[in-house]
Amino acid sequence: MLHFFNRTKTCPLEDHVMYVIAGLGNPDSKYRNTRHNIGFDVIDALAEKYNINMNERKHRAVCGRGIIEGVKVLLAKPQTYMNASGDSIAEILKFYKLDAKEGLIVIFDDISLLPGNIRIRKKGSAGGHNGIKSIIARCGTSEFARIKVGVGGKPEGWDLADHVLGHFSKSERELVEQSIPDACLAAGYMVNGGADRAMNEFNAKRRE
């Protein structure tokens, strides 16, 4: 397990960010491109789109600071493994003195959505997702924005862990690749207070 600790307790003014956008996943290379790592994939796409260098390792995460649609943000990929995602995210929010309700967007996989679809929520329950359970427990609130990226439900008789830690079929991956730009666009809306716009545009869109 990787451990990236930052012992600084306060955020210098010049380093301050207005939003933390965290994509959930697992750090080991064997999990790359799995369903559970779609949050990491969206963060990588955001970093490429907005020319953000993901070269910081702190708060037990791989991070990059930059500007998205005129807003200072921190992109983060927690390295604490999915089920302890909240450990890293709570540390980040504390350092930047951000409230989860006002300054956090979490991007993660959703088995209730077909590949190619995304859904925006301003808050909500964990819905059985262990990464979200961890964030709620460590941050003490369920009121934070989410971008859910569809990965499809598990086949009958399959173990859920095997499904989410498995890889997409070629056709599924093609659909997922269409949803990643949507998730990036939604994040751009949301950092400018446009969660309702994102919900109206993407929650009604359906790809089969």
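Q: How do helix α6 and helix α7 pack, angle and distance?
A: Helix α6 (residues 170–190) and helix α7 (residues 195–202) pack at about 150°, and their axes are 7 Å apart. Helices here are DSSP runs of H or I with at least four residues, numbered from the N terminus. Axes are lines fitted to C-alpha atoms over the stretch in contact, with angles from 0 to 180 degrees between N-to-C directions.

Q: What kind of model is this?
A: This is a predicted model, in which local features need pLDDT of at least 70, side-chain atom pairs count only at pLDDT 80 or more, and totals for chains, interfaces and linings use all residues. Residues are numbered from 1 along each chain as its sequence is written, and side-chain values use heavy atoms, leaving out hydrogens and water.

Q: Back to the pair. How are α6 and α7 oriented to each other?
A: At that angle α6 and α7 are therefore roughly antiparallel (over 145 degrees; under 35 is roughly parallel, 65 to 115 roughly perpendicular, the rest oblique).

Q: Which residues in α6 and α7 meet?
A: On the α6 side they are Asp182, Leu185, Ala186, Tyr189 and Met190. On the α7 side they are Ala195, Arg197, Ala198, Glu201 and Phe202. Contact means heavy atoms within 4.5 Å.

Q: How does that contact of α6 with α7 split by class?
A: It has 7 nonpolar residues, no polar ones and 3 charged. Asp, Glu, Lys and Arg count as charged, Ala, Val, Leu, Ile, Met, Phe, Trp, Tyr, Cys and Pro as nonpolar, and the others, Gly among them, as polar.

Q: What about α1 and α6, how do they pack?
A: Helix α1 (residues 38–49) meets α6 at an angle of about 60°, with the axes 9 Å apart. That makes α1 oblique to α6.

Q: Which residues in α1 and α6 touch?
A: From α1 come Ile38, Asp41, Val42, Ala45, Leu46 and Lys49. From α6 come Arg173, Val176, Ile180, Ala183, Cys184, Leu185 and Ala187. By class, the contact of α1 with α6 has 10 nonpolar, no polar and 3 charged residues.

Q: New topic. How do α2 and α4 pack?
A: Helix α2 (residues 85–96) and α4 pack at about 40°, with 7 Å between their axes. The two helices, α2 and α4, are therefore oblique to each other.

Q: And who meets whom in α2 and α4?
A: Ser85, Gly86, Asp87, Ile89, Ala90 and Leu93 in α2 meet α4 residues Gly131, Ser134, Ile135, Arg138 and Cys139. The contact of α2 with α4 divides into 5 nonpolar, 4 polar and 2 charged residues.
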